[in-house]
Every structure is written in C-alpha cells, then in structure tokens.
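Look at the structure first, then read the points by topic.

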Amino acid sequence: MEIRPILSTLMRNRTGAILIALQIALTMAVIINSVFIILERRDTMARPTGIDIDELVITRVSTVGDDLNVRELIENDMRVLRGIDGVSAVTKISTMPLSGSGSSTSLRSGDQQDSPSFNIGYYQGDRHVLDTLGVEITRGRWFAETEIIYDPAQGLDPAVIVLADSTAEAAFGDGDPIGRFIYTSTGNPIEVIGTYDQMSRPWYNWGDFYDTAIYPHVELNYLYALRVAPGRADELVPTIEQTLADVDPDRLVGGTQTMRSVVDETYQRDVAMNRMLAIVMCLVVVITALGIIGLASFSVAQRRRQIGTRRAVGAQKFHILRYFLVENWLITTGGIVLGLVLSFVINNHLVQTYNFAKLDAVYVPVVVLGLWCVGLLATLGPARSAAQIDPAIATRNV
Amino acid sequence: MLKYYFRLAWSSIRRNPLLTMLMIGAIALGIGVSMTTLTLYYVMSSNPLPFKSEQVYAVQLDAWDPEEPYYDDDSPPPQLTYGDAAAMMRSDIPTYQATMISRGFSVKTDQPEARPQRVSGRATYGDFFAMFDVPFAYGTGWDRAADDAAERVVVLSKDANEKFFGGTNSVGEVIYMDEQPFRVVGVLASWRPVTRFYDLNTGAFNDPEDVYVPFLVPISLEYGAFGNTNCWKPENIESYEQFLQSECIWVQHWAQLDSAAQKAEFLAFMDGYAAEQNALGRFARPRNNRLSTVTEWLDAREVVSADNTLLVVLSFMFLLICLLNTVGLMLAKFINRAPLVGVRRALGASRLDVISQHAVEVLIVGIGGGLVGLCFAYLGLLAVRSWYEGYEYLAKLDVTMMLVAIALAISAALLAGLYPTWRISRIQPAVHLKTQ
C-alpha cells in the first residue's frame, strides 16, 4: 500500500484535509453526545409504571357544599361509572403514577427517633385500587371494606398500610414485613398488612421511583380511575365525562383523559428533546458527507493530470480508486481521534455542570464504524470518477 | 465598480449553480438549526418584567430544617410559611408587596343554563397588579381594606371575561366561585409574561391565571394551595389553624423596593424578624434571608433547563460544521477559477480588486444563506411548537432574532470566505498563464 506517498501528498496539500478532519471531529462529538442522551432518555421513558397505562382513563369531579355525605356521593358515582359499557372497574384514588402531583412523607422502620427513616410517595384510595390499576398483591392481604376511612380528619395517620415490595425492602430488608409496624415522623405506628409488586411514584424524577405505599383513605376531591376494555380508552373519554356530568349538573367534571395521554404529557419534553437531537444528528451526517464529496471532487479535479500520468505509467483503475479511499480513510481517522477527545471533554463538562450521566464507551466503536462508512461512501463517487480519467490526458497540453 | 463585482459574482454563481446552492444550503441549515435553539433559549431566559428589573424582588426567608438546607447549595427555600408571609405583610417598607398562592375554582355565572367551569385562580393582595404592571381593560384591582376583610371581589383575565361575559365590561357583575358570590371589580387587558415568574410551582411557561381574588378569601374558606406544600418538621397537624401555624412552606411572597436604601431597610427588617423568631426557637439555621431580582430568581430556579443550553451548544457546533463545509466548497470554487483570476491580475487588477470581487460573492452567499436559514428557523420553531404543549409564546421569532439570524449568516459566510479569498488573492498570475 502506498500510505507513505499519500501522507506526503496530504502534508503538501493540507487545507482540504484539515477541513474534513475538523468536520469529522465535530460531527463525532455531536453524534456521540446526542446518541448517548437519546438512549438515556429512552431508558427513562421505558421504565415500567406497574399499572396498565393503555387500559385506564381518569376523570375528576369537584363538588362544593356543606355536610355532604361523601361516601354516598362516591358510591353513587362509581355505580354510574361502572354501568358504562366498556368500563370494567372503577377506583377512587388520590393521584396516579407519573401524573406529576402527589404526596410524599418520611416513615421510620422503628419507633425510636434514630430508627432508620425512608421516604415514600403515597397514594390514598379505596378498595378497588389494585384490581383497577392492574397491580398484584404479593404478600399478605389488601384492605378490608371496614378499614377504608371516608373523608378522614385532616392529618389523620392510617392504622394499616400496604407497601410496594421495594418499600418493604427499604424498611425491613429481606424479612417478612406482614404484621410489622412502621412509624410516622411523629411516632404513630402503622401496621403493614400487605405488599404489592410495583407502582411507580407520581413524579418523573423525584426520590426512588418505586418506593410507594397506599393508605386506606378516600376523599371527595380524589380522581376516579376507570379500567376500560383494551383499545377503547380514547373512544370512552367523552362518554365518561358526559355520564358523570349528567349525575348532577351543578358539579364540575373535568380533566377526563386517558392514562396514556397523562404519561405522554409527562415525557413530552424528553420526546421533543430526542427528536431535536435526532434531526441535528441526521443533518450533521448529511452535511459532512456533502462536504467530503465536494472536497474529494475538488481534489480529483485538481489532480487530473497527475492521475492521468499515473495511469499512463501503469497504475490500474483499482489503484487510483484505492488511493483516494485510503486518503479519505486517513483523514477520517485523524478526525475521529480528535473527535474522541472532544466528545469526552464535552461530556465531562455536562457531567460536572448539569449532572448528566457519564458517557458510556460502548457507543464509541459503533459511531467510529459509522463515520468510516460515511467517509468511504462519500469518497466513492469522486474516487470512481478519478479512476475513469483517461491516461491520454497526461500527454495532452504538455 | 461595485456593480461590476456584483455582475462578476452573479456570473460566477450562474456558472456553478450547484456548488453555490450547496454553500447557501449549508449556511442556511446551520443558521436554521442554531437559530431555532437560540430563539428558544433567548425567549425562555428573557426578563418577564424588564422595566422593573431592579425593583421587584422575590422574598425568601430560611426557616427550614436546622439539620439540612432546603437546597444542596444552601439557598433558602422558594416559598414561605403562612405565618412568616403574614409578618412580612405587616411591614410598610415596600412600595408594594403581596403574598400569593394558586388555587382552582369552579365558576358559574347567573345564566340559568350555565354549567360550572374550572378556572385557575390566584389569591393575592391588591398590590399584585401595580407591582407587576398588570394592565387593566376595565375597572381596577382592590385596596388593602378589601384585602384585610377578605372581601368577595374578583378580577378576571381577558380570556375569562371573554368566556363568561363575551368580552363586555363586566365590572359590577356577579359570578359564583365554588358557589359563593363574587363581585367583578376589574378585567385585565391582555397580559402574558413569557415566564409565570411569580409562581414556578406549576409550569414556568404556563398562562397566568384566569381569576384573581384577595389572598385571605381561600384562607377563610380553609383551602390549601395548588402547587407545592413542603413540610420538614414532625408536627401534628389536625386542623386548618394548626396548618397555618405549621412550619410548612406553601405561599409565595414578592415585594417592590424602589431604591437600594429601601431594599437594605427591608432586608434588615427580614433579618430582624428572623432574629426575633430565633429567640422563640424558630429560624435555627444560619441567617439566610434573601431578596432576589426576577432574573436572579429565574436563574436560581433553573427555568432554562440544561437541555436548552445543551441544544444551543450542539447546534452551534453544527453551525461550525456547516461553516467548515462552506470553507471547503468556497475554496474549491475559487481555486477552480484561478486561471481566470490570473488573467485579471496580469491585466492589472490589484490584489485588493480580487479580494473585493470575491468578498461580494461571499456576501451574496451569506445573505442568501441567512434568508433561507430564517425560513428553516421558522419551520424549526413550528416543529418545536407542535412538540411542546404551551410553547406558543416561546417558539416565536421576533425582529431582534431575525436580525441576529441575518447578521450571524453574513458573519458566518464572511468568516468562511476569509481564507479562500485570501488564498485566491495570493495566486501567482504567471503560473496560471503558463498553462493556458
């Protein structure tokens, strides 16, 4: 191979090579950092919430007035909602996973001031929470009807609680949590009666995603979550809103939406960010490829006579083709080395300033391979036209 | 002479239209992408209260947990306890000041067939409107007497007035909020600060509220706030009265202090209050009370997210790539023409003539790239608007940004043309004449 003559030619004609190498370096930095962020966001969005997002619809009623019979009002609403064709279960619950609003509290695993404490996001709801949302009981039991407290006094701590498996582990390690007590910050004991497999917190990114618990409390202003037949969530939204509004025209019904749209709203920023990064990435590759094509064509045009001469003294078409491909490969590789350094400098800055995750070197070989391919493909056209140059050209115009 | 250069540039562009289009396209793409992200960044970080940038302050008192700070960097909490805010309201140092919370209401008009509708509301003091320069279409806000008596009065936003009264002057009308009668005293003109800076709890870029009522109205109804309520102290809260006296933070407080002296005086008042409370066993943290301007406040609360900054950085790297690309293309184009330039030089054109001739061509590419780039930026912002809900006011090109785009494109093109122009002006006429 003629690496040495290629290099010395490059050194004599630096400008074009440097331009391409710089472009490749910047392209590499943009792509590596974008790919990394895109994949990271994708993982975040793929976290399971533990509930059947596509088969749930939520709605809200606000009722004003004094001396309301909370339990009667709720039971009446639930009866009406269950009567809708396509609705299989209904629950009254304080908030939903990933909805963005909810409550959290710190609990202790012992009754001493220095007992280990852990933070949970908690839901309050009636008897139908788990079967409506599609969450499984793993140990112990679920609330009995008599344990549900309607319209609890402000600040009332529950007597019994059901924990997520991960919360139980945070509180008691591997031991059996059933029948044991956890304590509020003011020292009130709560008996753990059961555990469920998984239900994420209401917040996107606040606290441990799966450390949750459910209290047996129901208030009038909670939302209704409805389990609907698969594939019918969107279509049932207006029916549900209308049916509930018709119960009492003086009440305000609103915010009826599918659980899928709630989750989509929560992740909307990440989806948009990923789209923008993907677009920038594609444009970067296209622009860089065009740049390589342009400069390679230019260098072919400049060297027509040298190429003709080489052909005239015995080089085959294949040799000319190889010359340009190797030349481009050398330039691209130079750019890649520079780009690697740049990528890590940028990522390091992101990690330190904005708490981004540290770059995973796994993507690097893939991106390197990709850039080599882009470089070679872009050079292929001009290199082939170089190979077609007629040897006779060298003898003309002398 | 300039006209001649334009003719030369034009004929050069015509001779090689594909290459010129590539150059204009590269610059336009670079400008389009970077202007899209820059516009978002610029609007998000713009000052929503520019005429009072040194007068209006977020009031922060640090009565948080003595064991650990609210923020890792030791900044005071973003909200106040009800009691601390009430103590601030008793000071007459600020020109205007207002405690506030956000709270939704169910609203009905007198119309017999009217159904209740949900509105977003802000409970605040009458000073809110004067402090934040909120414009009125009809009527006014309310006075301190109405504040103190928790009078059932309401100010409607332009949209709410449109919805409930068809946009007519509704001052004096009555609406029912959560089944209680409220008298309309004012209707706002269109008011839409880019950031809802005074309460960042529920979406920094959301619309301002639909209705405004005196702060003590929801308190007298024993309402909590929409937004965040954070408590650190283990305390038994079993009644609304206990909640009001608790260490939970849930209200926002803003003050207008017109001079440095006034600001210093109010800060001293805040510190004095903290010291007083400290003697009673509260405010156990190191003294950490703060008055932040709107800009400082938005910076500290990171309203412009790291994502936006990152996008700006990446898109300017993209612009740089496009520039390098243009340098390469322009170099190719100019060098290609070296024999022609050789002839011109031999016939007596000075080096400066050659430079000017090519600079004009570079300029044309720059202006073309800028204009096409503006169209790309417009499309980009259109896409951003469709991807984010509530970004209608953010993803918008204003005159400043358009001028920035054109200026950026021209300077980018000039920068890209610098080296190729220099190279072409340095050619030796003899070398190129020889091979003709």
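Helices (at least four residues) and strands (at least two) are DSSP runs, numbered from the N terminus. By that scheme A:Ser185 is found in the loop between strand 8 (181–183) and strand 9 (189–196) of chain A. The model is predicted.

**A loop residue in chain A**

- A:Ser185 has 18 other C-beta atoms within 10 Å, so A:Ser185 is partly exposed. A residue needs 20 or more such atoms to count as buried, and 12 or fewer to count as exposed.
- Which residues does A:Ser185 contact, leaving aside its neighbours within four places in sequence? They are A:Ser106 and B:Pro234.
- A:Ser185 and A:Ser117 are 68 residues apart along the chain, and their C-alpha atoms are separated by 8.6 Å.

**Helix 1 against helix 9 in chain A**

- Two packed helices are described by the angle between their axes and the distance between the axes.
- Helix 1 (residues 3–12) of chain A packs with helix 9 (residues 317–354) of chain A at an angle of about 65 degrees, and the axes are 10 Å apart.
- The crossing of helix 1 of chain A with helix 9 of chain A is right-handed.
- On the side of helix 1 of chain A, the contact is made by A:Ile3, A:Ile6 and A:Leu10. On the side of helix 9 of chain A, it is made by A:Tyr323, A:Val326, A:Glu327 and A:Leu330.
- Sorted by class, the residues of this contact are 6 nonpolar, no polar and 1 charged.

**Helix 10 of chain A**

- Helix 10 of chain A has a kink of about 40 degrees at A:Leu380, shortly before the proline A:Pro382.
- A:Pro382 is itself one of the buried residues of helix 10 of chain A, which also include A:Leu371, A:Gly375, A:Ala378 and A:Thr379. A:Ala383, A:Ala386 and A:Ala387 are buried too.
- Among the elements that cover these buried residues are helix 2 (14–46), helix 7 (259–302), helix 8 (304–312) and helix 9 of chain A.

**Where chain A touches chain B**

- The contact takes 44 residues from chain A and 39 residues from chain B.
- On the side of chain A, the elements that give two or more residues are helix 2, strand 13 (252–258), helix 7 and helix 9 of chain A.
- Which element of chain A gives the largest share of this side? It is helix 7 of chain A, with 17 residues.
- The side of chain A that touches chain B has 21 nonpolar, 18 polar and 5 charged residues.

**Two aspartates in loops of chain B**

- B:Asp74 is found in the loop between strand 1 (56–60) and helix 3 (82–89) of chain B. With 11 other C-beta atoms within 10 Å, B:Asp74 is exposed.
- Phi of B:Asp74 is near 70 degrees, which is a positive value in a residue other than glycine.
- B:Asp133 is found in the loop between helix 4 (127–131) and strand 4 (136–139) of chain B. B:Asp133 has 13 C-beta neighbours inside 10 Å and so counts as partly exposed.
- B:Asp133 also has a positive phi, near 50 degrees, and is a residue other than glycine.

- Leaving aside neighbours within four places in sequence, B:Gln60 is in contact with B:Pro76, B:Pro77, B:Pro78, B:Asn289, B:Arg290 and B:Ser292.
- The C-alpha atoms of B:Gln60 and B:Ala130 are separated by 21 Å, and the two residues are 70 residues apart along the chain.
- B:Ala383 is found in helix 13 (residues 351–387) of chain B. B:Ala383 has 16 C-beta neighbours inside 10 Å, so B:Ala383 counts as partly exposed.
- B:Ala383 and B:Ala395 are 12 residues apart along the chain, with their C-alpha atoms separated by 9.2 Å.

Key
Residues numbered from 1 in each chain as written. Chains lettered and ligands numbered in written order. Predicted model: local features only at pLDDT ≥ 70, side-chain atom pairs only at ≥ 80, totals over all residues. Axes fitted to C-alpha atoms, helices over the stretch in contact; angles between N-to-C directions. Left-handed = near helix turned anticlockwise from the far one by under 90°. Contact = placed C-beta atoms within 7 Å. Nonpolar A, V, L, I, M, F, W, Y, C, P; charged D, E, K, R; others polar. Bend = angle between axes of the 7 residues up to and from the residue.
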